[in-house]
Amino acid sequence: MLQLYLDLMSQPCRAVFIFAKKNNIDFELKLVELSKGDNHSPEFKRVNLLHKIPALKDGDFTLGESIAILLYLVRKFDTPDHWYPTDLEKRACVDEYLSWQHTSVRPHGSKIFWYKCLTPLILGKEMEPEKMEAALKELHTILDQFEEKFLQDKHFIVGDEISLADLVAIVEIMQVIGAGVDIFKDRPKLDAWHERVESTLGTDLFQEAHKNLLGFRTLKKEPMNPQIAEAMKARLLLFK
């Protein structure tokens, strides 16, 4: 059976999870908790030498990187065309967004989550207000670009039907919501798109995938693996 190695606190993992569930792809969920260092276990190393999630194991075949995994699932399971259209121009538009998001929505949204949620947990103090304000300003610039360039006045990024572009976009944007920053409040176009995406995916599935993220700030945290905590602390310091 197909195995997917996921931690649903991770945006790319949620994209893979939602896609597989929505398309009725039969898989075994293998939980990999990053905070416990599961991705450095001998078992996981046999699946992905890079220690990164999501990861896929299909028989003897293994694969890392979320976009590669999503495209593998599209092709192997012959999912509906709207996810990754055969139309050359539509497919190119999906590819364009998937390429752009790596250096735009993903890093800027992740920074907000690290600042709001992980800084207090790991460093024991809130992020300096001026740095938080600067990060939010950068994020809003990116969201302006998302609305003006990719969303425009369309229902979805590639027209009237949902695609991989929308799926990858929404899980990254929800990371900011999980940090307690309501970026939909003053963005009616973005909020309406979010509602369409969630409705199309199915609210139950959408909430299942985001349950851990949306409860992160209020849940009692288990002690973090000391080595992981030190690694995350070093990463936080890089943001400074």
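Strands β3 (residues 55-58) and β4 (residues 61-64) pair up antiparallel over four bridges, where pairing takes at least two DSSP bridges between two strands. K57 sits opposite T62 in β4. Two residues link the strands of this hairpin, and G59 has a positive phi near 70 degrees.

This is a predicted model, so local features need pLDDT of at least 70 and side-chain atom pairs count only at pLDDT 80 or more, while totals for chains, interfaces and linings use all residues. Numbering starts from 1 along each chain as its sequence is written, and side-chain values use heavy atoms, with hydrogens and water left out.

**Fold layout**
- The chain has ten helices and four strands, taken as DSSP runs (helices: H or I, at least four residues; strands: E, at least two) and numbered from the N terminus.
- From the N terminus, the order goes β-α-β-α-β-β-α-α-α-α-α-α-α-α.

**Size and packing**
- The radius of gyration is 18 Å, which agrees with the value near 18 Å for a compact globule of 240 residues; the rule is 2.2 Å times the number of residues to the power 0.38, over C-alpha atoms.
- The C-alpha trace spans about 50 × 45 × 30 Å along its principal axes.
- Buried residues (under 20% relative accessible area, 1.4 Å probe, protein chains only) make up 48% of the 240.
- Of the contacts (heavy atoms within 4.5 Å) with a separation of 6 or more, 70% join residues 24 or more positions apart.

**Charge**
- The chain carries 32 positive and 37 negative side chains, with the centres of the two sets 6 Å apart; Lys and Arg count as positive, Asp and Glu as negative, and His and the chain ends are not counted.

Terms used
Buried < 20%, exposed > 50% of the residue type's maximum accessible area, 1.4 Å probe, protein only. Charge placed at Lys NZ, Arg CZ, Asp CG, Glu CD.
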